[in-house]
There are 2 protein chains.
Amino acid sequence: MTVPYTTKRTASDLGPRRLRADNINPHVKAAKYAVRGELAVKAEEYRVRLAKGDKSLPFDSVIFANIGNPQQLDQKPITFFRQVLSLLENPALLQKPEALHSSFGYNQDVIDRAKKLLAGVQSVGAYSHSQGAPLIRESVARFIEERDGFPANPQDLYLCAGASSGVSTLLNVICHAANAGVLVPIPQYPLYTATLSLLDAQCVPYYLEEEKTWGTDVEAIRQSLVRAKAEGTEVRAIVVINPGNPTGASLSPEDIKSVLDVAAEEKLVVIADEVYQTNVFVGEFTSFKKRLRQLQQEVPGKYDNVELASLHSVSKGMVGECGHRGGYFELVGFDPLVAAEIYKFVSIMLCPPVIGQCLVELMVNPPKKGEPSYELYAKEYNGISEGLRKRALALYEAFKQMEGVECQEPQGAMYLFPSITLPPKAVEAAAAEGRPADEFYCLRLLDATGVCVVPGSGFGQKENTLHFRTTFLAPGTDWVDRIVKFHAEFMAKYK
Amino acid sequence: MTVPYTTKRTASDLGPRRLRADNINPHVKAAKYAVRGELAVKAEEYRVRLAKGDKSLPFDSVIFANIGNPQQLDQKPITFFRQVLSLLENPALLQKPEALHSSFGYNQDVIDRAKKLLAGVQSVGAYSHSQGAPLIRESVARFIEERDGFPANPQDLYLCAGASSGVSTLLNVICHAANAGVLVPIPQYPLYTATLSLLDAQCVPYYLEEEKTWGTDVEAIRQSLVRAKAEGTEVRAIVVINPGNPTGASLSPEDIKSVLDVAAEEKLVVIADEVYQTNVFVGEFTSFKKRLRQLQQEVPGKYDNVELASLHSVSKGMVGECGHRGGYFELVGFDPLVAAEIYKFVSIMLCPPVIGQCLVELMVNPPKKGEPSYELYAKEYNGISEGLRKRALALYEAFKQMEGVECQEPQGAMYLFPSITLPPKAVEAAAAEGRPADEFYCLRLLDATGVCVVPGSGFGQKENTLHFRTTFLAPGTDWVDRIVKFHAEFMAKYK
């Protein structure tokens, strides 16, 4: 990554152009996306300076803990996945299976899978069906059935270019007017608020309960609904991120039921962002789809008209293939005429990347026990999983020892979101720079240590609280020590 | 491809859901995208029936001439590109370069390129910079410099998931309000009208001159501008598709100058859709960027503040890799503060597919004379080019002989857009079905022959004229004969 487009203006920039920052689409202007904002840009500047041999910085590496980008850091791709993808990109390799095996260790199941996928997509260079190749949607449907124990229909599945693109599609269709509202957890992943800004629709915040490991409080949802309705907002949907980003929380079946109760009563479309479904450290993941189907059996009638869209992705979990932009969403209980409009909407962009679609297939249908590639797959998968858990706990232990820092126990996802209590003098120094105090803290952290995290204000937080989000993807613990040391010095300086 | 989501409703579909087709985002509802509309869906149904052994249809194959999807039809991917991509997907292959060479014919330049790209992106599974990996943007800048003879800056380049995604980004930023207008050629590729519908902005049509091989008439543009302004529309940009889709027209440097003249005088952002820049049969391609830079030298001052965004893609040309969703746009003369907003906008979706970005690099930087992979590359590239030219001319000759059909000589792109004059009885029969006459004709053509084309109404056409668009990608001439035979029978039936 290099510095993005410079914002320095020269004299000739001030001529009579049509477009100026103050006359473009105001909704684009209003959108905020801190994950790749000022701090990330500055971190990248530091990285480039270090790469060019600059010795003037007080650190020798930049740690991008601002974004869940596993393969930018330590995580190696899973061999089975990449072997298959290499054959999809160059099917000519399939002409010599023996050489593939003897020289490169490709097993028969790799070759079989590549052939099957090629039969389904014809060429990864051809446009697929706009919802994604049928063969791949069939695999995803089987995965969902096995995960949940309830049927899934390939016609209800829409592959997309990462879950972000799916979220954008859903919000585009749902938000009908400027008074359309969507309940969004706070703190949240800023894709939601940014997309609602772009659509000129209303974000209706509901606050998660930090003290209950960032649990979802159904009373907070109901209060937000009442307030929003009183303000004339037509609340149409509720977003739930489970496991949570940035919070790392993992919802219990009971929590999920309480959200579905509100959805059924208030006719809210449920957008279940479940991209971290395999990153669960405490208990086990329950999907919204499964819980909904259970409730529909248990209480006939009550949940029949709940509309649910649930999202998954190749970017996170032990797959970590963000650069491939693969994901899907499943529609449950949607009106077929609405689904037809969603189909038309996605068809305008033709189709999601086909190689990313194939990676979705591999994610949902990995080698099975007894198959030649299983052993290595399991070893790699479990190794990544164990590494994430270990680093999460190490980071958590470090935060517990830092003055003024409180951190909930990690339950899932790839993040910790500690709260920080800063001395009044630090808050004053931030105000003097015209910055929120958490942003001030994160900038000083970056300047001093090269560790890039994202201030809590980028995700939303209760008034008078400060946080930051850090991933626990970066290898080693040196960078954790850097944070500990910086924090002590910072607190001492502003005491 | 299979049938998209069914639109059949059942009794239980009519319950009290939140979302109905009549209360979703009305701009999504209003958007039209015929390329993947009713005809394409029906063609896919026929394909599935044939694949299942259905013998009841009057044809034995479906010809998808509705969409520029080369690898769905005959076109083979270029070997060099796919060899490199296979190494990017599985870098472990690079450990045995001798085996790659001896068993699979990978040359040293393939290996070198893969290593270079991997050094630039780290992993194709990692998010890149939101504008695209810097190394790849540097290659694109060199390509533009060599093509045009004028400098290009990597900071002004934005890689995107196919040109469609770039167009969407640009229109999102440009359209500031419901009275924002964009001049769009008619006929046009419906991405433009669809995206303007989504943004609730105004399409300001200007008609191309069919009788002058679909040339761009600057007087038509000026008249459209006057009319739009009188209606209160603030016209902010003009779209030019060169070579033309669906028209196949190729603009002369003089035509381009006349568009730039209007842009300079009227302060219009120029969106130059140049995705077919290598598909030119007559004369040679001149880019808008090159012409703009020439004019800026020739007439100092006059063109200094023209804002130009030009787009290119891996989907078309001799590359034909639509499924990889790779493309880029270059900003010329944009205010840096506006460019910063574009950066923020694209960063919300994180980054374009990284393997698609790498394919952009390969497209703009193919093997050079003297390099080991050059000979095969040139042979494949020229073979595709020659095949396209031959089929274009064969189709053109067939159209010339058909009663009531007039077709302009093919100049570029992948399409012909003949006009058809239908007997009054055919027009009446169409009206009785509540369909535009060209749609009626295309449906009958599909039902009778399995050949899927798109009615002119999907692209826009002058009142009282009828057209259809067909690609000339499908191999062989059998399908052309099917059209000729059908047409004669259709004309006889309704005479």
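How far apart do the end C-alpha atoms of residues 109-478 of chain A lie, and how much of the span is helix and how much strand? In this predicted model, those end atoms lie 40 Å apart, and the stretch between them is 43% helix and 15% strand. UniProt lists residues 109-478 of chain A as "domain: Aminotransferase class I/classII large", in an unreviewed entry.

Let us begin with a pair of helices from chain A. Helix 6 (residues 134-148) and helix 13 (residues 354-364) of chain A have axes that come within 9 Å and cross at roughly 30°. Angles under 35 degrees count as roughly parallel, and helix 6 and helix 13 of chain A are therefore roughly parallel to each other. Their crossing is left-handed.

Now for the strands, which we can follow in chain B. Strands of a sheet pair through backbone hydrogen bonds, either parallel or antiparallel. One open sheet of chain B has seven strands in the order 2-8-7-6-5-3-4, with mixed pairing. Strand 2 (157-160) and strand 4 (202-207) of chain B are its edge strands, each pairing on one side only. On average, neighbouring strands of this sheet are turned by 20° against each other, direction ignored. Within the sheet, strand 5 (residues 234-241) and strand 6 (residues 269-273) of chain B pair in the parallel sense over five bridges. A handy place to look is Ile238(B), which stands opposite Val270(B) in strand 6 of chain B.

Another open sheet of chain B has three strands in the order 10-14-13, paired antiparallel. Strand 10 (415-416) and strand 13 (454-455) of chain B stand at the edges with a single partner strand each, so one side of each has no neighbour in the sheet. Strand 13 of chain B is joined to strand 14 (residues 468-471) of chain B by two bridges, and Pro455(B) stands opposite Phe468(B) in strand 14 of chain B.

Finally, step back to see how the chains are arranged.

Terms used:
Residues are numbered from 1 along each chain as its sequence is written. Chains are lettered from A and ligands numbered from 1 in the order in which they are written. This is a predicted model: local features need pLDDT of at least 70, side-chain atom pairs count only at pLDDT 80 or more; totals for chains, interfaces and linings use all residues. Side-chain values use heavy atoms; hydrogens and water are left out. Two strands pair if DSSP finds at least two bridges between them. Helices (H or I, at least four residues) and strands (E, at least two) are DSSP runs, numbered from the N terminus. UniProt positions are given in the numbering used here, feature names are shortened, and annotations may be inferred rather than shown by experiment. Axes are lines fitted to C-alpha atoms, for helices over the stretch in contact, and angles run from 0 to 180 degrees between N-to-C directions. Angles under 35 degrees count as roughly parallel, over 145 as roughly antiparallel, 65 to 115 as roughly perpendicular and the rest as oblique. A crossing is left-handed if the near helix is turned anticlockwise from the far one by less than a right angle, and right-handed if clockwise.
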